[in-house]
Amino acid sequence: MNPYTNTANKISREYLDQYLHHQFLDVGVDQRAMGYPVTPFADEARADVASVFSKLLLINVGDPFDESGHWKTHTKFFERDVIKFFGELFQIADHWGYIASGSTEGNLQGMYVGRNYLRTLSAPATTTSGRPRPMFLFSKASHYSIKKNADILSLDEDMVELNVNDKDEMDLAQFEAIVNAIPLDRPIMVNLNIGTTMKGAVDDFDTIFTLIDKSGHKDNTYFHADMALYGLILRFFHPDQSKFQNLIDRIGSFTISGHKMLTVQMPCAIFMGKCHYVDKALCGTRVSYIGSMDRTISGSRNGMLPILLLAKVARGMDALKKDIQLCLDNCDYLCERMESIGIECHRSYNPGIIVYFSELADYISDKHQLACHDGMSHIVCMPHVNRSLIDEFIDDILAHRASGEEEKK
Ligand SMILES: Cc1ncc(COP(=O)(O)O)c(C=O)c1O
């Protein structure tokens, strides 16, 4: 038990220091954390960058591309550098974006841009306010932020949560039937999953584009892609890069988490949009209080994040690609080892780093911090999930089996 439990129920600086020291330095973080798309510890290089700035309150407020503003202790220039880096990596000439608190916010910003952009189209009014109401389509395997964001943006009355197949990919027959039934003057917004949370599924975006084009909705459909986890993997390893580029060319926005594949040690996300949509959707308000344009969901943003992200991408494309290649190789190794001991496991999308299988005994799930949902478990092969952690996981299953206890839940 943690000896620093606050039994006195009194907050004190001493209590805080003792707890922090005990919990995170003496005990240390448990590296056996294979169930979530994050790495629980920072490497020295990343920590150093953070320590230089740990004495400053760095706040980015207002549109990062608006250089004016009253508050001077900011890193909006670094924030622009990060957006420019991703603009080049994904070949988006008219990019706009910012560093969000995470992909929930990145998805919200994308859906906000999409909803407002579609409202600018000259479709017959379908609301009492006189603005066209988009139909919002997303799949049941979408991250829970998508439905919550639809609620926040009042899209929930006009949305369809589509079925998925065994792999968690959007049901295309249902998608086709629904888009064909939507009147042509009704705008559509679609969320595309590029790596679902549980199974790492990638919606068949190519066919989805074809179905939209065939339905006659090409010019009044907005696509946002949730690429929180698999955006970088596909950028480097999609087997048909021109197909992948077509995805980027057709969507209005996407989000990529910074604390997932990029292993930044604070939750964050890169929101990427295109000026073509953003400029129409968010004309922006000049806020006199901050002296800057406001186009982001959050007000004050964490100015440390662009520094941590820049430190990561400053290592160069090759280093990034190498990190991901190692995760993919380790994922192959994990599948081989699981199959070698007779455990059926699946990857919805390959190249991908999520392997899912029937839920194992509580002891195994707990020790290796596996995420469980609907009788399934998964392992996300993040950079820290190396071969010795994988071997330990397999050994634990074998030992559990040898003890005669039930292996599956
Ligand atoms: C596919 C997907 N989208 C969005 C998110 C939300 O990210 P965050 O928790 O950073 O807001 C997650 C988180 O795991 C995710 O897996």
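Mentor: Let us begin with how axes are drawn: they are lines fitted to C-alpha atoms, for helices over the stretch in contact, and angles run from 0 to 180 degrees between N-to-C directions. This is a predicted model, in which local features need pLDDT of at least 70, side-chain atom pairs count only at pLDDT 80 or more, and totals for chains, interfaces and linings use all residues. Residues are numbered from 1 along each chain as its sequence is written.

Trainee: At what angle do helix 6 and helix 7 pack, and how far apart are their axes?

Mentor: Helix 6 (residues 172-181) packs against helix 7 (residues 205-215) at about 25 degrees, and their axes lie 9 Å apart; helices here are DSSP runs of H or I with at least four residues, numbered from the N terminus.

Trainee: What makes helix 6 roughly parallel to helix 7?

Mentor: Angles under 35 degrees count as roughly parallel, and the angle here is about 25 degrees, so helix 6 is roughly parallel to helix 7.

Trainee: Why is helix 11 called largely enclosed?

Mentor: A residue is buried if 20 or more other C-beta atoms, placed from the backbone, lie within 10 Å of its own, exposed if 12 or fewer, and partly exposed in between. Seven of the ten residues of helix 11 (residues 304-313) are buried, so the rest of the structure largely encloses this helix; among the buried ones are Met304, Ile307 and Lys312.

Trainee: Why does tyrosine 363 count as partly exposed?

Mentor: Tyrosine 363, in helix 13 (residues 362-367), has 14 C-beta neighbours inside 10 Å and therefore counts as partly exposed.

Technical notes: Helices (H or I, at least four residues) and strands (E, at least two) are DSSP runs, numbered from the N terminus. Angles under 35 degrees count as roughly parallel, over 145 as roughly antiparallel, 65 to 115 as roughly perpendicular and the rest as oblique.
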